[in-house]
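My notes follow in the order I took them.

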Amino acid sequence: MSSIGVLGAGTWGMALARMLANSGHDVAVWSALGYEIDDLSATRKHPKLPGVAFPESIAFTKDISDLCSGKEVIILAVPSPFIRATAKQALPFLNKDQILVSVAKGIEKGTHYTMTEIISDELKNAPELDGIRIAALSGPTHAEEVAIDMPTTIVSACDDPDAASKVQDIFSNTCMRVYRNPDIKGVELCGALKNIIALASGILTGLGYGDNTKAALITRGLTEITRLGIAMGCREKTFYGLAGIGDLIVTATSVHSRNNTCGRYIGQGLPAEEAVKKVGMVVEGINAIPAAMQLKDAYNVELPIIEAVDSVINRGTKPSDAVMSLMLRDKKDEIGFDII
Ligand SMILES: NC(=O)c1ccc[n+]([C@@H]2O[C@H](COP(=O)([O-])OP(=O)(O)OC[C@H]3O[C@@H](n4cnc5c(N)ncnc54)[C@H](O)[C@@H]3O)[C@@H](O)[C@H]2O)c1
């Protein structure tokens with residue numbers, strides 16, 4: 001059994017903390033929000049996971065040094081906009097033998113860094129931690145379902161096979177089946193970009209479109225994500241696996257997805273800012289759009305669906321006009337049977 005620290009007490013951090021504690025691991029949870037730690041330790045419940053009780057064995061702390069010390073594995077489970085600040089805060093208390101596991105999904109605007117790349121970037125400020133292993137854990141995994149032990153699969157991605165296996169062992173149990181993939185960049189790109197396609201999926205629902213349109217979106221959305229990933233040197237197979245098509249299906253079709261929900265509000269006519277406010281949580285698909293658009297230009301690939309979402313969110317295009325522009329766009333990507 002392992003000692004595990006979880007940074008972040010949102011729905012995903014808490015669903016994982018519960019699962020790992022129930023597997024017999026020694027688990028502690030930290031949050032930047034002090035009141036959250038007070039509430040969780042007093043009630044053993046999370047407001048966004050109704051009916052789920054957290055085992056007494058989970059320790060809660062407001063002290064990040066306490067959280068990091070003596071742990072074999074540190075899970076970074078805050079939403080992507082807080083990953084850099086959280087890594088910076090944890091840095092002085094980490095040690096080289098630990099494995100860091102990012103479960104956040106996003107790409108940083110400007111740097112285009114994935115979550116583990118942001119963590120690596122922060123680690124440059126601590127040469128004594130050189131060689132610390134960093135993994136990404138990603139796949140079709142709604143916290144709401146993991147928190148009630150529904151069978152789920154996930155991918156442990158790391159370029160160090162021993163670390164990937166250790167993470168696989170720790171997270172595996174009767175409800176969670178863990179696969180390994182050395183293509184950490186591909187796995188993380190899938191997790192970040194599928195959120196933009198999920199926004200599009202919600203927009204289609206909000207517009208009242210049906211299953212034909214959604215199937216087209218998911219299929220062509222995957223094509224786009226894959227096209228960019230290949231241009232960036234990722235493995236094509238990653239995109240056809242759990243972290244790719246798996247996560248895209250779950251996010252683009254589920255009521256649990258905040259990206260999908262936000263898109264639905266936009267499709268129904270709410271401006272993006274109001275839609276985000278109504279969701280009341282970080283909508284990572286919206287945050288990922290600027291980096292995706294920059295990557296599109298940097299790698300000179302076509303991302304028509306992501307571009308259409310950008311035009312709706314950031315340039316005021318009416319959702320129905322964006323759909324029409326996709327339907328009528330030049331068909332050159334079909335010439336030569338270029339299905340990718
Ligand atoms: N929820 C899921 O089903 C799920 C599944 C897989 C991956 N993820 C990923 O995990 C990450 C966390 O998702 P979530 O659903 O738990 O998010 P969430 O919105 O539930 O997380 C909110 C939590 O973030 C922390 N937080 C808030 N403000 C902060 C700040 N300024 N600095 C540091 N921490 C702060 C707090 O602990 C807060 O409870 C995201 O990147 C998400 O994409 C989520």
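**Cavities**

I began with the lining of the largest cavity, which by class has six nonpolar, four polar and two charged residues. The model is a predicted one. I then asked for the volume of the largest cavity, and it came out at about 60 Å³.

Next I listed the residues around the largest cavity. Ser102, Val103, Ala104, Lys105 and Gly106 are among them. Met115 lines the largest cavity too, as do Ala136, Leu137 and Ser138. Val187, Glu188 and Gly191 complete the lining. I noted the elements that give two or more residues here: strand 6 (133-138) and helix 8 (184-207).

How many cavities of 30 Å³ or more does the structure hold? I found two.

The second largest cavity has a volume of about 50 Å³. I wrote down its lining: Leu7, Ile74, Leu76, Ala87, Ala90, Leu91, Leu94, Leu100, Ile119 and Leu123. Strand 4 (73-76), helix 4 (83-90) and helix 5 (115-123) each give two or more residues to that lining. I checked the classes as well: the lining of the second largest cavity has 10 nonpolar residues, no polar ones and no charged ones.

**The largest pocket**

I moved on to the largest pocket. Its volume is about 1200 Å³. I counted 46 lining residues. Which of them lie nearest the centre of the pocket? They are Gly10, Thr11, Trp12, Pro79 and Arg258.

I then sorted the lining by element. Those giving two or more residues are helix 1 (11-22), helix 2 (34-43), helix 4, helix 6 (143-146), helix 8, helix 11 (242-253) and helix 12 (258-267). Helix 2 supplies the largest share, five residues. By class, I have 19 nonpolar, 17 polar and 10 charged residues in the lining of the largest pocket.

**Helix 8 and its partners**

Helix 8 had already turned up in the lining of the largest cavity and in that of the largest pocket. I looked up how helix 8 packs.

Helix 8 and helix 14 pack at an angle of about 115 degrees, and their axes are 8 Å apart. The two helices are therefore roughly perpendicular to each other. I noted a left-handed crossing where helix 8 passes helix 14. From helix 8, the contact uses Ala192, Leu193, Asn195, Ile196 and Leu199. From helix 14, the contact uses Glu284, Gly285, Ile286, Ala288, Ile289 and Ala292. I sorted the residues of this contact of helix 8 with helix 14 into eight nonpolar, two polar and one charged.

Helix 16 was my next partner. The axes of helix 8 and helix 16 come within 10 Å and cross at roughly 110 degrees. Helix 8 and helix 16 are therefore roughly perpendicular to each other. Is the crossing of helix 8 past helix 16 left-handed or right-handed? I have it as left-handed. Ile203, Leu204 and Leu207 in helix 8 meet Pro319, Ser320 and Val323 in helix 16. The contact of helix 8 with helix 16 has five nonpolar residues, one polar and no charged.

**Helix 15 against helix 16**

I stayed with helix 16 (residues 319-328) and turned to helix 15 (residues 304-315). They pack at an angle of about 160 degrees, with their axes 9 Å apart. Helix 15 is therefore roughly antiparallel to helix 16. I recorded a right-handed crossing for helix 15 passing helix 16. Helix 15 makes this contact with Pro304, Ile305, Ala308, Ser311 and Val312. Helix 16 makes it with Pro319, Ala322 and Leu326. I put the contact of helix 15 with helix 16 at seven nonpolar, one polar and no charged residues.

**Backbone check**

His112 has a phi near 65 degrees. I placed His112 in the loop between strand 5 (99-102) and helix 5. Asp149 is not a glycine either, and its phi is positive, about 60 degrees. I found Asp149 in the loop between helix 6 and strand 7 (152-157).

Methods:
Residues numbered from 1 in each chain as written. Predicted model: local features only at pLDDT ≥ 70, side-chain atom pairs only at ≥ 80, totals over all residues. Heavy atoms only, no water. Axes fitted to C-alpha atoms, helices over the stretch in contact; angles between N-to-C directions. Helix = DSSP H or I, 4+ residues; strand = E, 2+ residues; numbered from the N terminus. Parallel < 35°, antiparallel > 145°, perpendicular 65-115°, else oblique. Left-handed = near helix turned anticlockwise from the far one by under 90°. Contact = heavy atoms within 4.5 Å. Nonpolar A, V, L, I, M, F, W, Y, C, P; charged D, E, K, R; others polar. 1 Å grid on protein atoms, 1.4 Å probe; cavity = no way out; pocket = protein on both sides within 12 Å on 5 of 7 lines; lining within 4 Å. Points joined across faces, edges and corners; volume = space filled by probe spheres on them.
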